[in-house]
Amino acid sequence: MPAASAPKAPPMEGEISMRDVARLAGVSPMTVSRALSAPHLVRPETLEQVQSVIRTVGYVPNRVAASLSSRRTSLVGLIVPSLRNALYAQTIQGISDVLQRHGLHLIISDSGYSLEREEELIAAYLAQRPCGLILHNTVHTPAARQMLEAAGVPCVETGNLPPQPVDMAVSYSNHAAGRAMAGHLLSRGYRRFGFASLRIGTNERLRERRDGFLAGLRAAGITLDPAMVLEVDEGLEGGSRALAELLARDASVQALFLAGDVLAAGAIFECARRGLRVPQDIAIAGSDDNDLMQHMVPPVTTVRFPRYRIGVRSAELIVSRLEAEASGPVMEDLGFEVVQRGST
């Protein structure tokens with residue numbers, strides 16, 4: 001049976017309330033609330049009736065009032081190191097896809113790779129009564145960690161697999177990824193290596209990837225000269241500089257692992273400028289597997305991380321916690337894949 005048409009809304013003065021919407025739709029205020037926060041729990045014909053009235057009268061829910069009564073909003077906060085880095089786009093999309101289905105809303109900020117800035121953002125988000133937080137960092141200032149633990153807000157860390165998560169963690173082991181790349185290059189017969197990454201500073205993800213690579217080489221009896229471990233600035237120019245400096249330090253180097261695909265692309269371009277063949281004269285490997293890697297000449301061997309799936313699982317864990325379907329600490333390792341291509 002088709003849903004009954006919504007009654008024509010009479011002229012109304014002042015702010016329209018949920019009670020007004022309920023009266024016009026012929027339902028209870030609780031049904032209106034459920035239609036807004038959990039539409040999948042409302043019968044389709046009733047949902048359409050409520051939504052029709054909302055459209056007609058232009059009702060906007062008072063989220064502030066709702067947060068005061070429920071002690072939380074429908075907001076989930078996400079803090080990433082940089083909004084300029086396209087690597088986070090897939091994770092953001094995965095989070096958003098899940099939250100939208102559950103009537104939750106994503107807000108995003110970047111910490112600029114600063115733990116102090118992350119601490120400020122955590123404090124600002126908690127003041128807004130979010131129903132969940134997702135943090136790419138897994139290392140935090142003591143004050144930030146204390147705030148997170150005291151707030152009791154569902155929190156998911158995604159950048160690494162921390163030994164002691166604040167609450168929940170969904171990620172992969174950067175150390176294992178670095179070690180796996182060492183194993184791949186060794187299996188191809190290379191024995192003289194160089195490594196380059198962006199400035200590590202407080203970035204434990206890059207540190208773990210570097211340390212895993214060095215550990216993989218040591219397991220094969222190879223100790224890398226510290227001079228062949230380099231930190232450079234971001235961008236293609238950083239990759240070009242990495243190749244130039246590592247070759248200047250050891251002209252016999254056979255393979256480079258650049259912990260970032262843009263750096264790897266810059267190194268490939270520098271090889272072309274120098275007339276070096278890849279991989280015949282020098283092998284190049286990257287990490288993260290952005291679209292560019294498949295279309296380089298040659299295509300670049302890299303480490304692929306399940307970033308979209310990480311976003312999906314992070315949001316699913318927050319929803320499960322909110323719906324009381326799960327509790328207690330969670331640690332999920334979604335793994336990674338070394339993708340071999342023509343550059344090694």
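The model is predicted: local features need pLDDT of at least 70, side-chain atom pairs count only at pLDDT 80 or more, and totals for chains, interfaces and linings use all residues. Residues are numbered from 1 along each chain as its sequence is written, and side-chain values use heavy atoms, without hydrogens and water.

β1 (residues 75-80) and β2 (residues 105-110) pair in the parallel sense over 6 bridges. Pairing takes at least two DSSP bridges between the strands. Strands are DSSP runs of E, at least two residues; helices are runs of H or I, at least four; both are numbered from the N terminus. From β1 the chain passes through helix α5 (residues 89-101) to β2, a right-handed β-α-β crossover. Right-handed means that the path from first strand over helix to second runs clockwise, with the strands pointing away from the viewer.

β1 also pairs in the parallel sense with strand β3 (residues 132-135), over 4 bridges. There, L78 has I134 as its bridge partner. Of the 6 residues of β1, 5 are buried, so the strand is largely enclosed by the rest of the structure. Buried means under 20% relative accessible area (1.4 Å probe, protein chains only).

Now the aromatic rings. Rings of Phe, Tyr and Trp (its six-membered ring) pair if their centres lie within 6.5 Å; planes under 30 degrees apart are stacked, over 60 edge-to-face, the rest tilted. The count is 6 aromatic pairs. F193 and F213 have ring centres 6.2 Å apart and planes at 85°, so they are edge-to-face. F193 sits in strand β6 and F213 in helix α9, 20 residues apart. F213 is buried, at 0% relative accessible area.

How values were computed:
Buried means under 20% relative accessible area, exposed over 50%, partly exposed in between (1.4 Å probe, protein chains only).
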